[in-house]
Amino acid sequence: MFYPLKFKPVYKNYLWGGRNFEKFGRKLPEGIIAESWEISCHPDGISIVSNGEFSGMPLPQLIQKFGRQLVGKSLSEKDVSKFPLLVKFIDANDRLSVQVHPDDAYAQLHENEYGKNETWYIIYAHPGSKIVYGVKPGTTKDIFARAISENRVEEYLRYIEVFPGDVFNVPAGLLHAIGEGIVLAEIQQNSNSTYRVYDYNRLDKNGNKRPLHIQKALDVIDFELSGRIEKSKGLEIKIGRCSIKKYLVANKYYSIELYDIKEKTEEIADGSKFYIYVFVDGEGKINYESGSIQVKCGESILIPATMGAYSLEGNIKFIKSYVPDIKYDIIAPLMAAGYSKENIIEGINCCTVSHDI
């Protein structure tokens, strides 16, 4: 009954966007396109199935109809009803605002939704492109608050040059911004809570400054994160003769795994959880019990939890994300591949394994 699900993109025309999604072979609406929400149950951008038997059905309706058959038996009741993840592509043709996201507790209290932890995979970066990734060492809340009031925010930002293939985990509380000339895939909690700190004093199409959220931002910024978090390096294991799987980020919200496939890899949706695939390079196909579908860079797929055995083949690179059982899905395969507890704790960005080993 189930098959790999594709969805109609939900496009957002924020002022910093461009036309770079045309490089994916897409026919875009007119004007600036900043984001493409690929798989979403958020009210600000609901995904609608674009292929197969369920074509035209909104994702929330599909979940209501099939429940755990679609999302898996391991999710909490809250995650079943709200769907825990949101996947998007971002075209930063210009700089995004300097911003921060709240954690679950703060977001539930102030926004009535999930907090927002997210991870970026850099698909394209113009030479010299940079991101803001925290604040400079020694920056305190009081120092930063004074800088905001004196319009000196940029003096305290930590900039990092980025390259295609880089992966950055952006936990709630980390001040951040995507710089111009970058196209990336983002996997995040199902949330749209963003607190802007600084927007370069620019004006929107109506000549107005976009609203800032200074007090909420100062409430949630973790000024210690900048010294503790770096670009994700990951831990590799070999799959098959010439393909690689790299574990990059693992926490209670999601696992991020990068596959570089040169042949075929066998997978299974055994009923425990759904999987999301975001294709970031090359092309190939997904084979399942009753057929196959073609996939390529710039596409995203949802694998229903009870779809059963399937395979991915081709010359293709993709991100696999899901809500993990840390011990079973992350620790066990890495230890079986020869990694020590210390390797795992150090190698997977923002992993909670130190509490689970």
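Exposed means over 50% relative accessible area, buried means under 20%, and partly exposed lies in between (1.4 Å probe, protein chains only). This is a predicted model: local features need pLDDT of at least 70, side-chain atom pairs count only at pLDDT 80 or more, and totals for chains, interfaces and linings use all residues. Residues are numbered from 1 along each chain as its sequence is written, and side-chain values use heavy atoms, with hydrogens and water left out.

**Helix 7**

- Helix 7 spans residues 326–336, and its buried residues are Ile326, Asp329, Ile330, Ile331 and Leu334.
- These residues cover an arc of only 155° around the axis, so they sit on the same side of helix 7. The arc is taken from the directions from the helix axis to the C-beta atoms.
- Helices (H or I, at least four residues) and strands (E, at least two) are DSSP runs, numbered from the N terminus.
- The cover over the buried residues of helix 7 includes strand 12 (235–239), strand 13 (243–250), strand 14, strand 19 (308–322) and helix 8 (341–347).
- Asp325 caps the N-terminal end of helix 7, with a side-chain oxygen 3.2 Å from the backbone nitrogen of Lys327.
- Gly338 follows helix 7 and has a positive phi, near 105°.

**Ser255**

- Ser255 lies in strand 14 (residues 255–261).
- Ser255 counts as buried because its relative accessibility is 1%.
- The side chains of Ser255 and Glu257 make a polar contact (3.0 Å). A polar contact is a pair of N or O atoms within 3.5 Å; within protein, one must be able to donate a hydrogen and the other to accept it, and residues adjacent in sequence count only if both atoms are side-chain atoms.
- Leaving aside neighbours within four places in sequence, Ser255 is in contact (heavy atoms within 4.5 Å) with residues including Val249, Lys320, Tyr322 and Ile330.

- Two strands pair if DSSP finds at least two bridges between them.
- Strands of a sheet pair through backbone hydrogen bonds, either parallel or antiparallel.
- Strand 2 (residues 35–39) and strand 3 (residues 85–92) pair in the antiparallel sense over four bridges. Here Ser36 has Phe89 in strand 3 as its bridge partner.
- Strand 3 also pairs with strand 10 in the antiparallel sense, over eight bridges. Asp91 stands opposite Val183 in strand 10.
- Strand 10 (residues 182–189) is mostly covered, with eight of its eight residues buried.
- Strand 5 (residues 118–125) pairs with strand 10 in the antiparallel sense over seven bridges. Ala125 stands opposite Ile182 in strand 10.

**Lys88**

- Lys88 lies in strand 3. Lys88 is buried, with a relative accessible area of 3%.
- The side chain of Lys88 makes a polar contact with the side chain of Glu35 (3.5 Å).
- Not counting residues up to four places away in sequence, Lys88 touches residues including Trp37, Lys116, Leu184 and Gln188.

**Nonpolar core**

- The largest nonpolar core has 74 residues, and Leu59, Phe83 and Tyr310 have the most contacts inside it.
- Strand 16 (residues 275–288) gives the most to this core, with eight residues.
- A nonpolar core is a set of buried Ala, Val, Leu, Ile, Met, Phe, Trp, Tyr and Cys residues joined through side-chain atoms within 4.5 Å.
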